[in-house]
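The sequence and the model come first, and the text follows.

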Amino acid sequence: MYSRDHWKSKLGFILAAVGSAVGLGNIWKFPYVVGKNGGSAFIAIYLACVILVGIPILIVEIYLGKKSQLNPVGAFRFFQKGKVPFSLIGYAGVLCGIIILSYYSVITGWICHYLMLSFRGFSGSETEISEIFTALNANPWLNIAWHTFVMAAVMMILAKGVRKGIEAASKILMPMLGVLLLVLVCYSLTLDGMKEAWRFLTYPDFSRVTGSSFLEALGTSFFTLSLGMGAMITYGSYLKGEVNITKSAVQIASIDTLIAFLSGIVIFPIVFTNNLEPSAGPGLIFKTLPVLFSKMPGGHIVSIAFFALVLFAAITSAISLLEVATSFMVDEYKCSRTKAVLIMGTVIWLLGILSAVSYWNVAGTPFLDLFDKIASCYMLPLGGLCSALVFGWAISKKQKYSEIGSKPINKILLFAAKYISPVLLLLVFIKEIGLF
Ligand code: PHE
């Protein structure tokens, strides 16, 4: 008889959930959206989004998983009322995880490539160094090779199970990530640009905040907290017994936000010391930073530490993305975990080839960008919205209080999950489909 694997400890769950949350979104995307939107003014808006939407939806997802003890498809079916097939939300989540991991793995492959190059050290002129990225992009075989390597590593970890695979890997990788980040923060504190970076991160420049900054803040907070596609439902389903869901959600969101902020502290002083624009765009970590590493004293070591940090963050997020599809296969088709990992891993690997071959595109948009747009701009906010609606309107207060508690703070958060989060998510969604 199949019995569900569970986390060994609460700490194991928190580390795995933080591992899922902390990823490319924090280290790569966050600093550059902050740069683009006026520094700390944007950070204030971002914090409001985390509190008003991030934490409430995190509570919703953990609750749905823990209560049903099922994958996202099963979980939504579990709460079904009437004829509307709630399980469709779960299917969309599984699909979204498949799409995100297919390109996330390709980007993680680039990081592996840069980590390898860091051991040799970056040297040469500015153009030569930024050419490395162009050359990597133009080489489909190299991209496919790294993508294969990343997928194989993630599959091997997942095949070991929830406790021995996900939890064990998170318990090793997350503390290492923490140490590397602190070392890099200390290094950045010694740079001349630190003063300017600190000013940038703490003095708000509201003139650069636009209407779309609000939506960008909400979208970014959603992506970095791994919400809207069932990752936290899946991780919640491996919880049992007494768990303070609100406290866990606050802890996960706080650590995720702290790490995003610290990544800014690492990146901005390097950028300011070298007189660059803080909003250098997504090319920042692959084109700009390596040039700076090649000029900085001790840059060799800093670059190894930096790419190792990004790699650990990306791997633990990739693990959670594949786990959604795996738990779906195991629960719904009663197949063994190894078989589920093999089937879903192979499907994602095949789909990822589309993103790995950078010159394949749809009407001029490369697959990688297309998939990112579909998943993070449309599917995640829509998934979050549907989860909030199911939670808010199809589950009784009594049921919610019995699991989450009825202290005033819980009541406030449940109110936010029922009314505030859906409205804000609806706005993001309408904006994304171009209705205003
Ligand atoms: N939270 C991850 C990041 O910040 C991305 C992610 C999204 C992971 C959705 C799982 C689910 O990079």
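Is Glu216 buried, exposed or partly exposed? Glu216 is partly exposed, with a relative accessible area of 22%, where buried means under 20%, exposed over 50% and partly exposed in between, for a 1.4 Å probe and protein chains only.

The model is predicted, so local features need pLDDT of at least 70 and side-chain atom pairs count only at pLDDT 80 or more, while totals for chains, interfaces and linings use all residues. Residues are numbered from 1 along each chain as its sequence is written, and side-chain values use heavy atoms, with hydrogens and water left out.

**Salt bridges**

Seven salt bridges are counted, each a side-chain nitrogen of Lys or Arg within 4 Å of a carboxyl oxygen of Asp or Glu.

| Pair | N to O distance |
|---|---|
| Lys36 and Glu216 | 3.1 Å |
| Glu403 and Lys66 | 2.5 Å |
| Lys171 and Glu167 | 3.4 Å |

The salt bridge between Lys36 and Glu216 links distant parts of the chain, with Lys36 in helix α2 and Glu216 in helix α10, 180 residues apart. Helices are DSSP runs (H or I, at least four residues), numbered from the N terminus. Lys36 is partly exposed at 38% relative accessible area.

The salt bridge between Glu403 and Lys66 joins helix α17 (residues 397-404) to helix α3, across 337 residues. Both Glu403 and Lys66 are buried. Helix α3 (residues 40-68) also holds Pro56, which counts as buried at 1% relative accessibility.

Lys171 and Glu167 both lie in helix α8 (residues 162-189), four residues apart, about one turn of the helix. Lys171 is partly exposed, with a relative accessible area of 34%, whereas Glu167 is buried at 2%.

**Cavities and a pocket**

The structure holds two cavities of 30 Å³ or more. On a 1 Å grid over the protein atoms alone, a cavity is a set of points where a 1.4 Å probe fits but cannot get out, and a pocket is an open set with protein on both sides within 12 Å along at least five of seven lines; lining residues have an atom within 4 Å of a point.

The largest cavity has a volume of about 160 Å³. Its lining has 18 residues, and Ser20, Phe223, Ser226, Ser317 and Leu321 lie nearest its centre. That lining divides into eleven nonpolar, seven polar and no charged residues.

The second largest cavity has a volume of about 40 Å³. Among the residues that line the second largest cavity are Phe223, Ser376 and Val428. Helix α10 gives the most to this lining, with four residues.

The second largest pocket contains about 350 Å³ of space. It is lined by 15 residues, and Lys29, Glu216, Lys373, Cys377 and Glu432 are the closest to its centre. Helix α16 gives the most to the lining of this pocket, with six residues. The lining comprises five nonpolar, three polar and seven charged residues.

**Nonpolar surface patch**

Leu389, Trp393, Phe415 and Tyr419 form a nonpolar patch on the surface, with about 440 Å² of accessible area together. Patch residues have over 30% relative accessible area and no salt bridge, and nonpolar side chains are joined within 5 Å. Helices α16 and α18 each supply at least two residues of the patch. Trp393 is found in helix α16 and is exposed, with a relative accessible area of 54%.

Note on methods
Grid points are joined across faces, edges and corners, and a volume is the space filled by probe spheres set on the points. Ala, Val, Leu, Ile, Met, Phe, Trp, Tyr, Cys and Pro count as nonpolar, Asp, Glu, Lys and Arg as charged, and the others, Gly among them, as polar. Patches are made of residues with over 30% relative accessible area and no salt bridge: like charges are joined within 9 Å, nonpolar side chains (Val, Leu, Ile, Met, Phe, Trp, Tyr) within 5 Å. Accessible areas come from the Shrake-Rupley method with a 1.4 Å probe; for residues, only the protein chains shown count as cover.
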